[in-house]
Amino acid sequence: MTDDDEAAFDEFLAARSTSLLRTAILVCGATEHDAEDLVQHALEKVYRHWPRIRRDNPEAYARKVVVNAAISKARRRKIVQEITFARPPETAADAPDLDLRHALITELRRLPPKMRAVLVLRYWEDQSEGDTAALLGCSAGTVKSQAARGLARIRENMNVAKEVTR
């Protein structure tokens, strides 16, 4: 790799590593340690292919590696167990309703891995349907249906929880 490539990679790393970690935490529904491992794996792949992907969209490539690794990890487990969910890094803009945020994250982690990935990429990361479909290697229709089903499950579970607490 050239010095120019190294400098560009360092700049990418400084600018996007926190965003990738947040995505990994949300998508894999695991501890921050597991999410850091996924991000490290993704950044290793990005670094190896940097001269080729640098001109395209290295963040999308890294995000795709994180999402695919999280889904593969979940598939390998025979019995999916409840996972301790680390909170994503907080910023001043994210502070408003922490109880609602916690409830949403709790419901999000109850969803199957691919459905969770669709919701995180589509709504938390604000990706378009096409971008989400490309990242997950599925059709835009699959993204739409998975998003609709996931949101319906979350709404239903939150309504049930609200009725129970009354």
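Colleague: How much space lies in the largest pocket?
Modeller: About 210 Å³. Please keep in mind that this is a predicted model.

Colleague: Which residues line the largest pocket, and which helices supply them?
Modeller: The lining consists of Leu104, Leu108, Leu119, Tyr123, Trp124, Leu151, Ile154 and Arg155. At least two lining residues come from each of α5 (98–109), α6 (113–124) and α8 (140–165).

Colleague: How do you class the lining of the largest pocket?
Modeller: It has 7 nonpolar residues, no polar ones and 1 charged residue. Leu, Ile, Trp and Tyr count as nonpolar and Arg as charged, so Arg155 in the lining is a charged residue.

Colleague: What makes arginine 116 buried?
Modeller: Its relative accessible area is 5%.

Colleague: What does the side chain of arginine 116 reach, and which residues does arginine 116 touch?
Modeller: The side chain reaches the backbone oxygen of arginine 109 at 3.0 Å. A polar contact needs N or O atoms within 3.5 Å, so the distance of 3.0 Å meets that cut-off. Leaving out residues up to four places away in sequence, arginine 116 touches Leu26, Val27, Cys28, Gly29, Leu108, Arg109 and Leu111.

Colleague: Why is lysine 73 called partly exposed?
Modeller: Its relative accessible area is 28%. Buried would require under 20% and exposed over 50%, so lysine 73 falls in between and counts as partly exposed. Lysine 73 is found in helix α4 (residues 58–76). Its C-alpha atom is separated by 9.9 Å from that of leucine 38, 35 residues apart along the chain.

Colleague: Is alanine 133 buried or exposed, and how do you know that?
Modeller: Buried, because its relative accessibility is 5% and the cut-off is under 20%. Alanine 133 lies in helix α7. Beyond its neighbours within four places in sequence, alanine 133 is in contact with Cys138, Ser139, Ala140 and Val143. The C-alpha atoms of alanine 133 and valine 118, 15 residues apart along the chain, are separated by 8.3 Å.

Colleague: How many helices and strands does the chain have, and what share of its residues is buried?
Modeller: There are 8 helices and 0 strands. Of the 166 residues, 39% count as buried. Among contacts between residues at least 6 apart in sequence, 66% join residues at least 24 apart.

Colleague: Finally, what is the mean pLDDT of the chain, and where does pLDDT stay under 50?
Modeller: The chain has a mean pLDDT of 82, with 83% of its residues reaching 70 or more. Among the elements, α5 has the lowest mean pLDDT (82) and helix α7 the highest (92). Over residues 78–86 pLDDT stays under 50, and there the model has 20 contacts beyond four places in sequence.

Technical notes: Residues numbered from 1 in each chain as written. Predicted model: local features only at pLDDT ≥ 70, side-chain atom pairs only at ≥ 80, totals over all residues. Heavy atoms only, no water. 1 Å grid on protein atoms, 1.4 Å probe; cavity = no way out; pocket = protein on both sides within 12 Å on 5 of 7 lines; lining within 4 Å. Points joined across faces, edges and corners; volume = space filled by probe spheres on them. Helix = DSSP H or I, 4+ residues; strand = E, 2+ residues; numbered from the N terminus. Buried < 20%, exposed > 50% of the residue type's maximum accessible area, 1.4 Å probe, protein only. Polar contact = N/O pair within 3.5 Å; in protein donor to acceptor, adjacent residues only side chain to side chain. Contact = heavy atoms within 4.5 Å. pLDDT = per-residue confidence, 0-100.
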